[in-house]
Protein chains: 2
Amino acid sequence: MAGYEVATIESLSINLCSKGGVNKYPAKAHVRRVAQATGKSQGLIALEGEKSAYYSNSDQKRHWRQDRYFYYITGCNEPDCYVTYDIGKDILTLWLPTIDYSRVFYDGRTSTIEEALDKYDIDQAKYLKNKTRNLQLKTICKPPRPWDHRILVLGSGTSLTTMADYKDTTTLKNSMNACRAVKDRDEIELIQKANDISSAAHKAILTHLKDLNTEAQAEGLFVDVCLSHGAHEQAYGPIMGSGPRAGVLHYMANEHKFAESQLLLVDASCEWDLYASDITRTIPLNNSSPGQWPSGEAKSVYEAVQRIQEECIALVRPGEKFVDLHWHASHMAIDALLGMGILEGDHMEIFHTGTATAFAPHGLGHHIGLDVHDLFPPSSKADESRVSDESVVAIMGLQTSSDVQKAYAAFAQDHSSWAARPDFSRPEHFHLRLASLQGVATLDTPPLEPGNIVTIEPGLYFNKFVLETFFLNDPKHRKFINTEVLKRYMPVGGVRIEDCILVTEKGYENLTKAPKGEKMLRIIHEAWR
Amino acid sequence: MAGYEVATIESLSINLCSKGGVNKYPAKAHVRRVAQATGKSQGLIALEGEKSAYYSNSDQKRHWRQDRYFYYITGCNEPDCYVTYDIGKDILTLWLPTIDYSRVFYDGRTSTIEEALDKYDIDQAKYLKNKTRNLQLKTICKPPRPWDHRILVLGSGTSLTTMADYKDTTTLKNSMNACRAVKDRDEIELIQKANDISSAAHKAILTHLKDLNTEAQAEGLFVDVCLSHGAHEQAYGPIMGSGPRAGVLHYMANEHKFAESQLLLVDASCEWDLYASDITRTIPLNNSSPGQWPSGEAKSVYEAVQRIQEECIALVRPGEKFVDLHWHASHMAIDALLGMGILEGDHMEIFHTGTATAFAPHGLGHHIGLDVHDLFPPSSKADESRVSDESVVAIMGLQTSSDVQKAYAAFAQDHSSWAARPDFSRPEHFHLRLASLQGVATLDTPPLEPGNIVTIEPGLYFNKFVLETFFLNDPKHRKFINTEVLKRYMPVGGVRIEDCILVTEKGYENLTKAPKGEKMLRIIHEAWR
């Protein structure tokens with residue numbers, strides 16, 4: 001795709017030609033911070049980078065994506081490397097694969113030692129040609145079970161030979177996560193750049209909406225704009241959900257025509273130098289009145305989500321707990337659903353029953369950085385390997401943190417069978433499963449601090465399968481749902497609006513410039529000729 | 001991207017709205033052919049489909065690509081399945097993962113038994129919820145070593161219980177490869193459709209060349225056209241090599257501006273329903289005279305490659321040996337290089353020394369189908385796990401098959417140190433490494449037959465690193481190379497032209513309609529306003 005560059009980018013007032021002012025990725029500063037966070041003054045950190053591999057029974061290479069921990073302390077985006085860091089001596093060493101000269105004609109080649117020293121912020125680079133060394137690194141970094149993630153190893157010794165005796169993976173991982181959650185200036189610039197390119201791609205969908213008839217065409221245009229600006233990787237599979245597809249949160253087939261769909265949900269964003277952006281816009285599909293909502297229901301749902309997003313963004317500041325923002329959004333969603341007449345009954349009763357999760361099933365957002373779902377910083381007290389009872393209550397959105405103890409006691413009494421251990425077979429608790437993954441804020445999660453970048457992404461959805469299978473046939477939920485009103489709202493499909501928000505000293509800065517709300521509608525209207 | 005659809009597709013006279021006339025993928029017919037090819041009348045075939053997985057230390061799902069053998073006998077493009085086929089009873093069973101209802105809101109869901117029976121050409125479908133059954137299938141299909149490819153298992157028993165006792169992976173794999181090499185009508189239609197969409201994308205680059213200034217923009221446009229036509233996957237990473245990048249055969253960074261580059265090599269193609277296309281075009285970048293070659297050197301190289309391709313395509317017919325076509329191309333390349341003055345000396349002496357591999361390093365082509373580098377059918381006699389001495393000679397392109405014995409004897413005498421075992425450290429033999437992979441024709445490879453689809457893709461390249469590191473400093477090659485003339489040709493970078501050719505009863509049919517040669521130049525010229 002060509003021709004979009006000047007118009008869309010200039011209107012966003014960004015410069016896409018420079019590398020965002022970053023000369024060398026600050027790997028050394030990162031590894032020093034990580035080492036400090038471990039509290040150790042001696043020892044060796046070792047990590048394996050992502051290996052190259054082939055697809056099963058094929059000579060085609062698997063899509064390769066560098067391990068994010070590895071990149072964080074090396075800045076090296078090449079396959080088949082290792083890294084070690086001697087904490088006491090402050091020496092960061094990158095281990096490079098020996099160059100396969102017989103493949104240079106085919107694939108180009110990986111870096112030489114000289115090139116690596118020139119490109120990366122490291123102290124030394126060595127080839128992995130020494131078999132003993134190679135085997136030592138392999139053994140040290142081997143995950144306990146084949147299906148485990150790559151491990152992060154901290155050894156008490158200072159040499160690879162003594163390292164194998166003692167491995168501590170938990171301390172290093174927690175230290176990494178704590179450091180990664182607070183972005184430095186270079187990282188903020190990279191995320192800003194990813195946001196700027198993604199914003200240009202979102203805007204291109206608005207200005208070319210007249211020419212788009214299918215989800216696939218929208219995806220094509222989006223990816224084209226990102227690629228054309230040099231963003232080679234999407235941060236996640238683009239989601240182009242028109243009509244009912246907007247109600248499947250991670251819909252990625254993008255295979256339907258717009259046809260009679262009222263809305264198009266576009267959740268898509270690129271990476272820049274491995275740093276992610278994450279932006280969602282929901283767009284009216286209204287050929288007869290371009291730039292206007294195709295129904296009163298679509299307008300109501302969009303404006304409700306917009307209100308929730310605006311209020312939650314305005315609350316972002318250092319010291320705020322993310323779960324509090326999530327609860328604020330949950331309460332606003334119930335109010336909105338009551339206002340539309342989709343839900344009927346007592347606000348707090350609905351809240352406690354969990355019926356609103358039928359329409360607002362996911363958390364308000366997550367950290368973003370080297371991964372699109374970056375990690376919430378680890379709590380100082382929590383055992384990371386399990387969800388605490390308190391956290392279960394917290395992410396259920398039952399109470400604000402101020403009176404959680406009281407609420408927890410009452411709740412645990414009512415739900416003694418699962419409060420301590422969530423019952424994943426209960427539809428209103430499906431989202432709790434995410435609690436055992438990264439990226440979910442709990443009560444134990446430290447409050448926001450400057451340098452955090454989080455998404456704020458409320459949504460309201462009308463998913464036929466989920467409603468019919470789990471909520472409408474369950475009397476305790478059914479009694480709160482007005483099915484006559486719901487019927488009118490089903491064609492809306494779903495609405496989500498998502499921006500990337502940087503926590504600053506004084507409050508926040510919205511890094512996402514993709515048009516939304518009135519501005520979005522105006523652009524569609526004006527471009528439609 | 002929108003707007004390209006009507007114009008480009010109509011001009012290619014194809015219909016992209018239907019699913020290519022294929023209702024159900026003929027899985028049952030495929031598995032019956034495979035079973036027949038094994039020569040067994042009793043027994044059980046078992047295969048594991050590709051599992052879903054996450055990227056290392058991330059909650060993002062790895063790019064998922066179905067195992068091609070699995071698809072060939074199921075037509076099922078869903079993760080985490082197994083298939084079994086009872087040869088004696090002629091029963092094809094698809095084993096489906098149980099549906100994870102807690103993830104439906106997020107990811108949608110996999111097929112139910114009813115849906116699978118409706119979609120796929122199978123006899124029965126079962127859920128993998130039975131733990132014993134699940135474990136049995138896992139055990140049976142486990143590769144001998146963790147890093148091995150998924151294995152194809154043929155058991156003598158007729159039940160999963162007895163299956164574990166006896167496994168034969170070689171017979172089934174050879175039978176699969178033999179069957180997959182001969183495409184049926186459905187498969188030809190799918191490959192044709194992939195070719196048609198890719199051809200439209202190649203043509204779009206010609207008609208929009210004026211607006212393209214970077215490799216990334218060319219990639220963006222190409223991917224956009226494919227996605228917009230519903231082709232969700234590229235058959236391989238798009239190669240957009242301008243100038244010297246055209247000399248790296250699998251260059252995929254696509255990160256340079258065209259700047260002063262003379263040519264743009266576009267090797268890119270999409271899949272359709274898992275079937276690949278594979279098309280390369282090389283395009284003049286000439287803003288002052290659009291649609292004309294920017295230099296006499298560029299014109300000479302392009303026309304030489306064009307001649308080689310046309311002659312080799314014209315030779316495709318049943319009974320022809322692919323290695324003979326390869327040798328024909330090799331001799332034509334030497335003649336062309338002699339004609340341009342880049343090489344000097346005796347044709348056969350250059351041929352035997354292998355100096356031409358500095359400029360024409362790769363094979364003439366490969367089969368194409370479910371994989372872009374589909375398998376050459378196995379030879380009846382060869383031990384597949386190693387390259388025979390004879391094959392080494394054959395793929396070196398030393399002689400035509402008619403007098404290989406004589407040539408081999410003479411050659412082995414001269415090269416006794418490596419003839420029996422190729423020395424991969426010798427640059428002129430680098431491409432021999434491919435011989436141990438799939439996709440390389442040897443003397444033992446059966447001749448072409450109707451239903452084969454092969455690429456014909458000659459190329460000539462000027463790779464500075466390869467020339468300087470391996471050829472110009474080696475007296476035995478250096479003496480044939482005129483460096484003064486070579487200097488003039490270096491800026492050309494490289495030229496490759498590649499089409500997909502179906503072997504028919506009477507000869508061949510070219511499935512690739514992307515414009516090339518004079519037609520290509522005319523389109524660029526006419527679109528440039």
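Predicted model: local features only at pLDDT ≥ 70, side-chain atom pairs only at ≥ 80, totals over all residues.
Residues are numbered from 1 along each chain as its sequence is written, chains are lettered from A and ligands numbered from 1 in the order in which they are written, and side-chain values use heavy atoms, with hydrogens and water left out.

**View 1. The open sheet β6-β7-β10 of chain B.** Three strands with antiparallel pairing form this sheet in the order β6-β7-β10 (chain B); helices (H or I, at least four residues) and strands (E, at least two) are DSSP runs, numbered from the N terminus, and two strands pair if DSSP finds at least two bridges between them. Because β6 (239–242) and β10 (280–284) of chain B each have a single partner strand, one side of each is left without a neighbour in the sheet. Neighbouring strands are turned by 15 degrees against each other on average, direction ignored. Strand β7 (residues 263–267) of chain B is joined to the antiparallel β10(B) by 5 bridges, and B:D267 has B:T280 in β10(B) as its bridge partner. Helix α10 (residues 215–228) of chain B lies across β6 and β7 of chain B and runs at about 150 degrees to β6(B); axes are lines fitted to C-alpha atoms, for helices over the stretch in contact (heavy atoms within 4.5 Å), and angles run from 0 to 180 degrees between N-to-C directions.

View 2. B:H202 belongs to helix α9 (residues 185–207) of chain B. This residue is buried, with a relative accessible area of 3% (buried means under 20% relative accessible area, with a 1.4 Å probe and protein chains only). A polar atom of the B:H202 side chain lies 3.4 Å from the backbone oxygen of B:I279. Beyond its neighbours within four places in sequence, B:H202 is in contact with B:F222, B:V266, B:A268, B:I279, B:R281 and B:A514.

**View 3. The open sheet β11-β14-β15 of chain B.** The 3 strands follow the order β11-β14-β15 (chain B), with antiparallel pairing. At the edges are β11 (453–456) and β15 (508–510) of chain B, each pairing on one side only. The twist from one strand to the next averages 35 degrees. Over 4 bridges, β11(B) pairs with strand β14 (residues 499–503) of chain B in the antiparallel sense; B:I501 in β14(B) is the bridge partner of B:V454.

**View 4. Strand β6 of chain A.** From strand β6 (residues 239–242) of chain A, A:I239 and A:G241 point one way and A:M240 and A:S242 the other way, and all are buried. β6(A) pairs with strand β7 (residues 263–267) of chain A in the antiparallel sense over 4 bridges, and A:M240 stands opposite A:V266 in β7(A).

Key
Buried < 20%, exposed > 50% of the residue type's maximum accessible area, 1.4 Å probe, protein only. Polar contact = N/O pair within 3.5 Å; in protein donor to acceptor, adjacent residues only side chain to side chain.
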